[in-house]
Amino acid sequence: DSAYLFSILRDGLFYLAVCPQEAGGPLLVLEFLHRIADSFVDYFGSPADETVVKDNFSTVYQLLEEMLDYGWPLTTEPNALQAMIRPPTVIRKVQQLVTGGSSHAVVSDALPSGTISNMPWRAAGVKHSSNEIYIDIVEEIDAILDMTGNVVSSDVSGTIQAQSQLSGVPELLLTFRDPSLIDDCCLHPCVRYSRFETDKVISFVPPDGKFELMRYRVTPSALASIHPPLYVQPQFTYNTNETGTTGRMVLHLGVRSVSSLIFSSSRKGPVSVEEVSLTIPFPKQVNTVKFDAPIGTVLFDEAAKMAKWTLGKLNANMAIKPQLVATMELQEKPESNPPHISLSWKIPLASVSGLTVSGLSVAGESYRPYKGVRNVTKSGRFQVRCN
């Protein structure tokens with residue numbers, strides 16, 4: 001019999017699923033694999049890589065037991081999972097080492113309180129001393145740039161992430177200033193889909209804690225031209241003589257004074273790009289590499305022939321411009337073009353599409369919660385070609 005193999009890549013780990021031909025569709029399987037990866041991040045923090053999975057194998061095994069039942073997805077809501085399987089903590093691990101107790105995950109015998117209700121994503125009787133709700137509109141840019149900084153291809157997707165600490169059963173209504181910017185969206189089960197279809201507003205009873213309210217793509221008409229906030233200019237040269245083969249890479253990095261991002265009115269001062277880092281693959285023929293960088297730190301993995309240049313926060317008014325110089329000794333001159341450079345960055349209080357929240361109201365409860373909304377733009381799969 002024929003079967004299908006599905007896979008996703010998250011934090012350096014491949015998640016695989018084998019399904020028969022009559023499985024419930026490829027999107028169901030892919031979404032379930034992403035739910036598993038998200039659950040690992042909720043339990044163990046980010047990144048949920050190979051080391052984390054090995055250190056918490058018993059908890060991983062229990063999570064898979066609860067999330068999958070006879071080959072079908074069962075419990076995938078974070079609140080329901082954490083009600084059944086307690087997340088590992090430092091205190092619990094210390095107690096196990098001192099007492100010599102089992103390292104297996106603690107599984108509750110009772111079902112979560114929301115299992116048999118019409119709101120399985122929210123537990124019953126939620127109470128908080130301070131009530132607050134935070135909304136982040138996070139947009140990611142997937143782009144390929146050439147050596148001169150021009151955009152070869154690009155795409156923008158977004159998520160609305162929420163952090164809720166509200167008592168009782170509140171009814172929330174989220175409205176947008178220009179909902180026509182939203183295209184091809186995916187909603188959390190707590191959202192009333194019919195209301196969104198008719199009025200383009202999000203009416204929902206939120207889960208308790210952190211959750212993803214919606215994923216969406218930006219309408220193509222809103223992305224006429226994208227100018228990234230950073231530019232990268234790499235240059236590779238090689239020289240072969242009687243003593244051997246040497247190479248040199250010079251990489252210039254900077255913040256553009258003008259970009260296509262739309263900034264919040266509350267933003268003050270020059271544009272600052274945060275959490276900037278570059279992953280630079282080197283040819284397999286490289287024996288040794290010496291780095292010189294006036295800004296940031298460089299770590300080189302000799303086995304993978306990969307360098308990571310971490311710079312942190314950059315702005316357009318920096319006195320010292322970021323530059324990385326790498327001197328290489330090689331076995332022979334590479335025949336193929338240099339691999340592509342991956343770039344990672346984040347800019348708070350900025351948006352690509354201009355999607356903003358016009359209102360967030362809370363009904364059904366007597367308290368007045370604290371509410372916070374912000375936009376964040378960051379890189380997704382952001383690559384720079386070196387040829």
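Begin by selecting Leu5, Leu9, Phe14, Leu16 and Val18, which make a nonpolar surface patch of about 590 Å². The model on display is a predicted one. Two elements each give two or more residues to this patch, namely β1 (3-10) and β2 (13-20). Strand β2 gives the most, with three residues. Centre the view on Val18, a residue of strand β2. With a relative accessibility of 65%, Val18 counts as exposed, because the limit for that class is over 50%.

Arg10 belongs to strand β1 and Asp38 to helix α1, so the pair ties together parts that are 28 residues apart in sequence. Asp38 is partly exposed, at 33% relative accessibility.

Next, select Glu31, Arg35, Glu212 and Arg215. Salt bridges link these four residues in a network.

Pro47 itself is found in the loop between α1 (26-44) and α2 (50-55).

Then select helix α3, residues 57-67. Which residues of this helix are buried? They are Ser58, Thr59, Val60, Leu63, Glu66 and Met67. To see what covers them, display α1, α2, β3 (68-69), β4 (72-73) and α4 (78-84), which are among the covering elements.

Select Trp121, in the loop between α5 (90-99) and β5 (132-145).

Leaving aside neighbours within four places in sequence, Trp121 is in contact with Glu77, Asn79, His188, Pro189, Cys190, Val205, Pro206, Pro207 and Asp208. Within that set, zoom in on Val205: its backbone oxygen lies 2.8 Å from a polar atom of the Trp121 side chain. For a sense of scale, draw a C-alpha to C-alpha distance from Trp121 to Ala304; the two are 42 Å apart in space and 183 residues apart in sequence.

The structure holds eleven salt bridges. Select Glu171 and Arg192, whose side chains meet in one of them, at 2.8 Å from N to O. Glu171 is in strand β7 (residues 171-176) and Arg192 is in the loop between β8 (182-187) and α6, so that the pair links distant parts of the chain, 21 residues apart. Glu171 is partly exposed, with a relative accessible area of 32%. Arg192 is partly exposed as well, at 33%.

Now select Arg374 and Asp136, a salt bridge with its closest N and O atoms 3.0 Å apart. Arg374 lies in strand β22 (residues 370-384) and Asp136 in strand β5, so this pair ties together parts that are 238 residues apart in sequence. Arg374 is partly exposed, with a relative accessible area of 40%, whereas Asp136 counts as buried at 19%.

**Two residues with positive phi**

Select Lys200, in the loop between α6 (193-199) and β9 (202-204). Although Lys200 is not a glycine, it has a positive phi of about 55°. Lys200 is partly exposed, with a relative accessible area of 36%.

Glu275 is the next selection; this residue, not a glycine, has a positive phi of about 55°. Glu275 is placed in strand β14 (residues 272-281).

Which residues does Leu278 contact, leaving aside its neighbours within four places in sequence? They are Val232, Leu251, Leu253, Ala307, Lys308, Trp309, Leu311, Ile341, Ser342 and Leu343.

Note on methods:
Residues are numbered from 1 along each chain as its sequence is written. This is a predicted model: local features need pLDDT of at least 70, side-chain atom pairs count only at pLDDT 80 or more; totals for chains, interfaces and linings use all residues. Side-chain values use heavy atoms; hydrogens and water are left out. Helices (H or I, at least four residues) and strands (E, at least two) are DSSP runs, numbered from the N terminus. Buried means under 20% relative accessible area, exposed over 50%, partly exposed in between (1.4 Å probe, protein chains only). Contact means heavy atoms within 4.5 Å. A polar contact is a pair of N or O atoms within 3.5 Å; within protein, one must be able to donate a hydrogen and the other to accept it, and residues adjacent in sequence count only if both atoms are side-chain atoms. Patches are made of residues with over 30% relative accessible area and no salt bridge: like charges are joined within 9 Å, nonpolar side chains (Val, Leu, Ile, Met, Phe, Trp, Tyr) within 5 Å. Accessible areas come from the Shrake-Rupley method with a 1.4 Å probe; for residues, only the protein chains shown count as cover.
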